[in-house]
Amino acid sequence: MSHDNNTVSIRLERVSKKFLQKPIFEDLNFTWQGFGIYSLIGENGAGKSTILSMIAGLLDCDSGKIFINGQQCLLNNNEYKKLMAFVPDHCPIYSFMQGQEFLDLICSIRKLDPSVYQSYIEKFRLEDFLKTTFAEMSFGTAKKFLLISALMTEAPVLLLDEPNNGLDQATLQSFRQILIQQSKTKLILMSCHDQNFRESVNAIDTILDGLKAG
């Protein structure tokens with residue numbers, strides 16, 4: 001499925017969010033548009049994960065609206081959900097589920113042929129972990145399965161929260177190449193504290209303080 005560069009966008013429209021009555025964001029207005037890799041920059045606790053979770057539809061805005069390609073983020077809007085794939089910085093998968101079971105489940109939900117993840121299994125060297133449960137995996141191994149679940153989709157928008165955390169050097173090299181390749185046909189928005197990694201994938205920085213001012 002191909003997407004026109006100019007039609008791929010994430011738009012925040014007067015988005016506000018509080019935690020324990022403390023404003024995290026107030027009246028955010030911002031649009032990311034076009035293929036490429038965009039990185040959220042801010043101190044720990046600045047709200048990078050919060051923004052990604054709100055765009056992913058896992059966290060409600062207190063007010064405002066979020067759109068991907070003109071589709072609004074609403075609980076019952078399945079068209080919106082098809083447009084994005086999200087990888088959080090933690091592992092929310094059932095601990096009893098095996099790696100291959102998880103990927104097959106995502107394929108079933110996304111209506112993908114299971115063959116789509118085979119090349120990623122090889123690139124991330126996960127052949128020996130397909131029958132391993134998430135309870136038995138290291139954080140890095142679980143992270144690889146989560147990344148594959150997003151990378152193998154046709155979603156035009158990828159949301160990645162600290163995607164390089166827990167990855168070994170060999171996997172990082174493969175992951176960089178995959179991200180750069182996918183950024184030619186997708187809009188990738190990530191949080192990443194590692195400046196070297198951001199530079200290695202030509203990420204365009206979005207400063208959170210700049211968003212708040214807007």
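Mentor: Asn69 counts as partly exposed, with a relative accessibility of 26%; buried means under 20% relative accessible area, exposed over 50%, and partly exposed in between (1.4 Å probe, protein chains only). This is a predicted model, where local features need pLDDT of at least 70 and side-chain atom pairs count only at pLDDT 80 or more, while totals for chains, interfaces and linings use all residues. Residues are numbered from 1 along each chain as its sequence is written, and side-chain values use heavy atoms, leaving out hydrogens and water.

Asn69 sits in the loop between β4 (63–68) and β5 (71–72); helices (H or I, at least four residues) and strands (E, at least two) are DSSP runs, numbered from the N terminus. Its phi is near 50°, a positive value in a residue other than glycine. Arg125 also has a positive phi, of about 55°, although it is not a glycine. Arg125 lies in the loop between α4 and α5, and at 58% relative accessibility Arg125 counts as exposed.

For a strand position, look at Lys17 in β1 (residues 9–19). Lys17 is buried, at 9% relative accessible area. Leaving aside neighbours within four places in sequence, Lys17 is in contact (heavy atoms within 4.5 Å) with residues including Phe25, Met54, Asp60 and Asp62.
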